[in-house]
Amino acid sequence: MSNTNFTAVPSESLHSELSGRSSVLLLREKIIAIRNTLRPGQQQMADWQSGPLAISAVPGAGKSTGMAAAAAIAIARQYERSSFRSHLVVVTFTRSAAANIKAKIRKFLRDDLSLPQMGFFVYTLHGLALNIASRHSDLSGLQLENITLITPTQSHRFIRTAVEQWIVNNPGVYLRLLEGHQFDGEETERLRRQSVLRTEVLPELANTVIHEAKSSGISQELLREWSKQTTDEYAILNVAAGLYEQYQNLMRSRDFIDYDDMILAALRVLENDSARRIEQNQVFAVFEDEAQDSSPLQTQLLEILASDGGDGGDNSSVLTPNSPLPITPYPQRGPHLPHSPLNLVRVGDPNQAINSTFTPADPIYFRQFCEECDRIKRLATMDQAGRSTRIIIEAANFALKWINNQSLAAANNKQQTPVNRQVPFRLQTIRPVEVGDPQTNANPAPVGRGLELYTPRDIHQTVELLSQRVIELFGEDPTKNSAAILVRENRQGRWLAEALTLMCKEHNIILYDVGERDRRSHVPQEILALLQFCDRPHSPDYLKAALEALVQRQLIPTQDLNALASLPEEFLYPGPLAAPQSETVQKAARLCRSLLRARLELPLYQLISFLALTLNYDQAELATADKLAERVNQQIAGNSSMGGMLSALSEIVSSERFEPVETEDSEERYTRRGQLTIITMHKAKGLDWDYVFLPFLHENLIPGRFWVPPQSQFLGDFTLSEVARAQIRAALHGESTIPDVTQAWEQAKHLKISEEYRLLYVAMTRAKRLVWMSAAQKAPFTWSKPDNLQEQAPCPVFPALKRQFPECVMNLAAMTKQA
């Protein structure tokens with residue numbers, strides 16, 4: 001019996017086909033199993049298969065876990081389709097966050113899906129940009145072997161030099177700034193104003209505008225065009241354009257780049273049709289975390305990369321290696337989003353946007369992306385959070401609504417028409433998780449009342465009450481709990497660390513001051529101190545600085561360093577008639593002599609690495625020292641000398657934010673059990689503890705006041721830098737007119753107040769079981785003088801919390817009697 005329509009299939013092929021089908025079915029079952037462990041908002045992310053998707057998430061909602069699960073599922077679906085030619089790109093804000101999400105994706109692929117741990121890359125935004133630029137160096141203009149990456153502050157010599165050159169080239173405009181509102185021609189006042197302009201006002205303006213303009217692709221020419229639309233007497237944007245131009249010329253002449261140049265270089269690559277198709281064809285989608293912290297160019301880079309390789313849009317304009325990218329104010333894709341081939345998932349929380357007043361990050365772009373996605377039903381909300389106990393969630397929700405209502409009331413009083421993105425917060429309520437949620441101990445039971453509100457008489461009683469509560473919470477076994485004190489500025493942290501040291505020692509509680517331990521420039525500072533000593537060992541100042549570094553690293557015992565440094569020769573090489581040295585002095589002298597011997601025996605390029613080993617650096621510090629050595633050796637190439645090395649190091653220490661190399665456990669160091677961590681509110685974002693203490697909640701810091709330094713008030717009741725920032729953002733946001741000075745200053749104030757309130761919201765939502773809040777009646781006006789106490793008004797939301805949660809207001813009189 002035969003059938004001409006039947007084709008025999010070899011048993012091996014049939015077995016292979018059946019095996020393939022069963023593998024696909026098994027993989028689908030595993031995908032469903034992961035999905036079933038997720039919350040509703042996370043499930044929407046896991047269900048993504050193509051197109052744009054915005055995820056607006058509340059604090060503690062599990063953004064990184066949801067994104068890792070969604071990424072693993074997206075990769076698994078590529079296996080379903082037998083599509084292995086492209087990969088997923090995951091982008092996040094910091095290196096530690098990148099390491100964290102990479103580990104989670106690998107775990108899902110390995111343990112839950114039984115797949116190879118590949119098919120994806122995790123980058124920071126700047127890491128992604130550098131990767132693209134370095135692969136196409138002919139297009140990007142970046143020759144990595146010749147360039148030097150710097151992170152300048154306003155005191156950097158390039159900024160200072162740009163200011164001086166601008167003054168030489170624009171004497172008339174400079175004279176107008178010197179005159180200010182009024183000037184009687186008195187010589188002493190003229191000299192004072194010159195100093196303020198040269199060292200404070202113009203460097204600050206340059207630093208602010210350079211970052212704002214470069215991160216938005218704004219050229220000097222466009223700044224000048226915008227300046228013509230304003231009516232301010234100083235033509236602030238025109239001044240800023242000139243400073244920007246001088247800075248760029250200096251950077252080009254020395255082959256230096258900054259982080260914004262990395263993004264611009266990657267975009268220059270993607271201007272090329274062939275390179276763009278190559279990059280796009282390697283990527284099937286882009287997932288972005290912390291999207292509220294993106295700048296315009298970063299957003300544009302991700303959108304181009306996430307677009308279909310066959311449709312790159314109109315990229316006909318040609319960029320030179322140092323030209324900013326001409327862009328259209330965001331959103332470019334808004335009207336076309338429903339038909340866009342954009343495979344982009346952006347996850348963020350607009351209510352945790354806390355970087356926009358000192359970086360070019362601007363939450364408006366993520367808000368707009370959410371609005372566009374909402375119009376096409378591609379917006380998901382992750383509003384269930386299991387981190388905090390219910391009373392903390394209620395307090396955070398109340399604070400958000402109260403602050404928004406206050407902002408709307410203020411806008412109405414000024415007869416302004418408020419829109420959603422003008423209020424500090426997106427209306428997004430945190431909800432506890434549902435029964436049966438997979439998170440262990442989700443929405444834990446509160447400790448005590450869960451929310452405790454104190455009004456001490458002064459900052460000293462604040463420390464007493466805080467110490468008492470810490471002792472109670474840590475109890476007999478401190479290793480069971482984690483706690484942190486969140487401060488608004490590092491000076492508060494230093495004062496608290498000193499005040500709490502004795503208590504922590506007595507009760508075996510580890511005190512970890514992040515501001516002290518993680519100073520960005522401590523590696524360059526310590527290396528510089530030792531090198532200066534090696535270069536001039538007979539200098540008492542350099543010897544003392546080196547000894548202080550060795551004491552700080554606990555390499556020699558604490559002792560009277562002034563006595564040792566006063567007579568360097570006698571200390572280092574005591575003669576036969578010198579008094580016998582104690583054992584501690586001998587130990588210090590031996591270590592110093594070993595440094596001098598290394599200076600003579602080792603080549604110059606090995607000195608920094610040797611000193612890092614001598615200082616007993618840990619893994620992260622050694623990596624940072626290697627990065628520093630590479631940077632310095634590159635900078636002095638062709639003129640290798642101790643003088644050149646010291647000059648390069650001194651410049652880095654005095655005027656750059658030298659970024660340390662982060663290890664994967666950097667965040668774990670801050671949240672260890674048995675440890676009381678002192679950390680700024682900004683740095684605490686993304687972390688959580690069982691107990692969080694928020695002392696010193698005063699109006700002069702949160703929301704703070706826009707303060708014009710007295711020395712620069714001759715220019716007016718505003719600062720040039722903040723007015724320029726507000727004018728640039730107004731133009732970028734597509735507003736019909738660029739605001740004048742008064743309007744721009746008001747907008748800058750609103751931006752500052754909104755961000756400070758969001759910072760408080762972030763701080764409150766770091767706590768799992770207890771948030772302890774206080775506003776002392778007396779506190780310093782400035783924490784540079786903590787002993788100068790005066791009456792201080794509390795942060796406005798603090799009395800509102802006391803009225804809303806009267807049961808959480810602590811009775812200090814009763815507590816004093818019990819004590």
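T719 sits in the loop between α30 and α31 (720-732), and at 12% relative accessibility it counts as buried. Here, buried means under 20% relative accessible area, exposed means over 50%, and partly exposed lies in between (1.4 Å probe, protein chains only). T719 touches V708, P709 and W745, not counting residues up to four places away in sequence; a contact means heavy atoms within 4.5 Å.

Keep in mind that this is a predicted model, in which local features need pLDDT of at least 70, side-chain atom pairs count only at pLDDT 80 or more, and totals for chains, interfaces and linings use all residues. Residues are numbered from 1 along each chain as its sequence is written, and side-chain values use heavy atoms, with hydrogens and water left out.

**The whole protein**

- The protein has 34 helices and 16 strands. Helices (H or I, at least four residues) and strands (E, at least two) are DSSP runs, numbered from the N terminus.
- Of its 819 residues, 55% count as buried.
- Take the contacts in the protein with a separation of 6 or more: residues 24 or more positions apart account for 79% of them.

**Nonpolar cores**

- A nonpolar core is a set of buried Ala, Val, Leu, Ile, Met, Phe, Trp, Tyr and Cys residues joined through side-chain atoms within 4.5 Å.
- The largest such core has 88 residues, and those with the most contacts inside it are I105, F287, L486, L694, L697 and M773.
- Leaving aside neighbours within four places in sequence, L697 is in contact with M681, I702, L760, M773, S774, A775, P794, C795 and F798.
- A second, separate core has 52 residues, including L177, I218, W226 and Y365.

**Helices that pack together**

- Two packed helices are described by the angle between their axes and the distance between the axes. Axes are lines fitted to C-alpha atoms, for helices over the stretch in contact, and angles run from 0 to 180 degrees between N-to-C directions.
- Angles under 35 degrees count as roughly parallel, over 145 as roughly antiparallel, 65 to 115 as roughly perpendicular and the rest as oblique.
- For residue classes, Ala, Val, Leu, Ile, Met, Phe, Trp, Tyr, Cys and Pro count as nonpolar, Asp, Glu, Lys and Arg as charged, and the others, Gly among them, as polar.

*α7 and α8*

- Helix α7 (residues 157-169) packs against helix α8 (residues 171-179) at an angle of about 105°, with the axes 5 Å apart, so α7 and α8 are roughly perpendicular to each other.
- W166, I167, V168 and N169 of α7 meet P171, V173, Y174 and L177 of α8. Sorted by class, the contact of α7 with α8 has seven nonpolar, one polar and no charged residues.

*α17 and α18*

- Helix α17 (residues 459-474) and helix α18 (residues 490-506) pack at about 45°, with their axes 11 Å apart, which makes α17 oblique to α18.
- From α17, the contact uses I459, H460, V463, L466, S467, V470 and I471; from α18, it uses W495, L496, A499, L500 and M503. These residues divide into ten nonpolar, two polar and no charged.

*α21 and α24*

- The axes of helix α21 (residues 540-552) and helix α24 (residues 583-601) come within 11 Å and cross at roughly 110°, so α21 and α24 are roughly perpendicular to each other.
- L543, L547 and L550 of α21 touch A588, L591 and C592 of α24. By class, the contact of α21 with α24 has six nonpolar, no polar and no charged residues.

**Backbone details to look for**

- The peptide bond from I702 to P703 is cis, with omega near 10°, and P703 lies in helix α30 (residues 700-704).
- A235 has a phi near 50°, a positive value in a residue other than glycine. A235 is in the loop between α10 (220-228) and α11 (236-254) and is partly exposed, with a relative accessible area of 24%.
- E290 also has a phi near 50°, again a positive value in a residue other than glycine. E290 lies in the loop between β6 (283-288) and α14 (296-305) and is buried, with a relative accessible area of 15%.

- P152 is found in the loop between β4 (148-149) and α7 and is buried, with a relative accessible area of 2%.
- P152 and I652 are 500 residues apart in sequence and 8.7 Å apart in space, C-alpha to C-alpha.
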